[in-house]
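Me: I am new to this structure. Please take a close look at one part, the pairing of charged side chains, and set it in its surroundings.

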Amino acid sequence: MERRELLKYIALATGGTMIGGELFMLSGCKSDATVDTSKSLLSVEQILMLDEVGEIIIPTTDTPGAKSIGIGAFMHKMVRDCYSKEDQNVFLDGIKILNDRSEKENKVSIIKASAEQRLSTLNAIDQEARKYMNAKKEEDPTHYFTMMRQLTILGYFTSQAGATQALRYVKVPTKYDGSLPYKKGDKAWA
């Protein structure tokens, strides 16, 4: 995925529908009463796996990638604290499906796969997720990879590195200028 395409997804993720979005907009991050937030939902290996998945989604270039900001730990916290039990189950099942798919296609787990193998596997899953999301009914659960992609984008661009290095950042903004010139290739504003 190219960084420009990713920026388009940011606009959709922050302005569009997102898993758990109603929690942020209406009441902050409150978990379902049936969710036990005192326990770890993921193992250390699963969190490291999510770091690797995040790095494929937002790789290190001239700016830090998702892995460098600890995106796996961010995803763990968001899923554990903000997702409903049903969405947590979809996410957890997705981790297993993703790892099983890598073992079937690459003969190694997603963590041990090369960057090219991860990219190939995740591109195929991404295409499946897009088809699923386009055809899904409102009551159907969100695809697990869509959740991972949304959380990666949210976590990265709300991190210090994402907001100050990947986006244009002004520490102390001045007046609003509604007709600020834009040149193709300019970074989006933080």
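Reply:

**The chain and its charged pairs**

The chain has 190 residues, and 41% of them count as buried. Buried means under 20% relative accessible area, exposed means over 50%, and partly exposed lies in between, with a 1.4 Å probe and protein chains only as cover. This is a predicted model, in which local features need pLDDT of at least 70 and side-chain atom pairs count only at pLDDT 80 or more, while totals for chains, interfaces and linings use all residues. Residues are numbered from 1 along each chain as its sequence is written, and side-chain values use heavy atoms, with hydrogens and water left out.

The chain contains 8 helices and 0 strands. Read in sequence order, its pattern is α-α-α-α-α-α-α-α. Helices (H or I, at least four residues) and strands (E, at least two) are DSSP runs, numbered from the N terminus. Take the contacts between residues at least 6 apart in sequence: 63% of them join residues at least 24 apart. A contact here means heavy atoms within 4.5 Å.

Now the charged pairs. The whole structure holds 9 salt bridges. Each is a side-chain nitrogen of Lys or Arg within 4 Å of a carboxyl oxygen of Asp or Glu.

Begin in helix 5. There, Asp 100 pairs with Lys 96, and their closest N and O atoms are 3.0 Å apart. The two residues sit 4 apart in helix 5, so about one helical turn separates them. Lys 96 is exposed, at 53% relative accessible area. Asp 100 is partly exposed, at 36%.

Glu 128 pairs with Arg 101, with the closest N and O atoms 2.9 Å apart. Glu 128 is partly exposed, with a relative accessible area of 39%.

Helix 6 has a pair of its own. Arg 130 forms a salt bridge with Asp 126, and the closest N and O atoms are 3.0 Å apart. Both residues are in helix 6, 4 residues apart, or about one turn of the helix. Arg 130 is partly exposed, at 22% relative accessible area. Asp 126 is buried, at 7%. Elsewhere, salt bridges that share partners join Glu 52, Lys 67 and Arg 118 into one network.

The buried residues of helix 3 include Glu 52, along with Asp 51 and Glu 55. Helix 3 covers residues 44-57, and at 1.5 Å a residue it should span 20 Å; its end C-alpha atoms are 20 Å apart, which agrees. The expected span is 1.5 Å times one less than the number of residues.

Gln 88 is buried, with a relative accessible area of 1%. A polar atom of the Gln 88 side chain lies 3.0 Å from the backbone oxygen of Val 79.

Lys 107 is in the loop between helix 5 (85-106) and helix 6 (115-135). Its phi is near 65°, a positive value in a residue other than glycine. Most residues other than glycine have a negative phi. Lys 107 counts as exposed, at 69% relative accessibility.

The accessible surface of the chain comes to about 11,200 Å², and carbon and sulfur atoms account for 55% of it. Such areas come from the Shrake-Rupley method with a 1.4 Å probe; for residues, only the protein chains shown count as cover. Val 170, Leu 180 and Trp 189 make a nonpolar surface patch of about 280 Å². Patches are made of residues with over 30% relative accessible area and no salt bridge; like charges are joined within 9 Å, and nonpolar side chains (Val, Leu, Ile, Met, Phe, Trp, Tyr) within 5 Å. Val 170 lies in the segment after helix 8 (160-166). It is partly exposed, at 41% relative accessible area. Val 170 and Trp 189 are 19 residues apart along the chain, and 8.5 Å separates their C-alpha atoms.

Note on methods
Polar contact = N/O pair within 3.5 Å; in protein donor to acceptor, adjacent residues only side chain to side chain.
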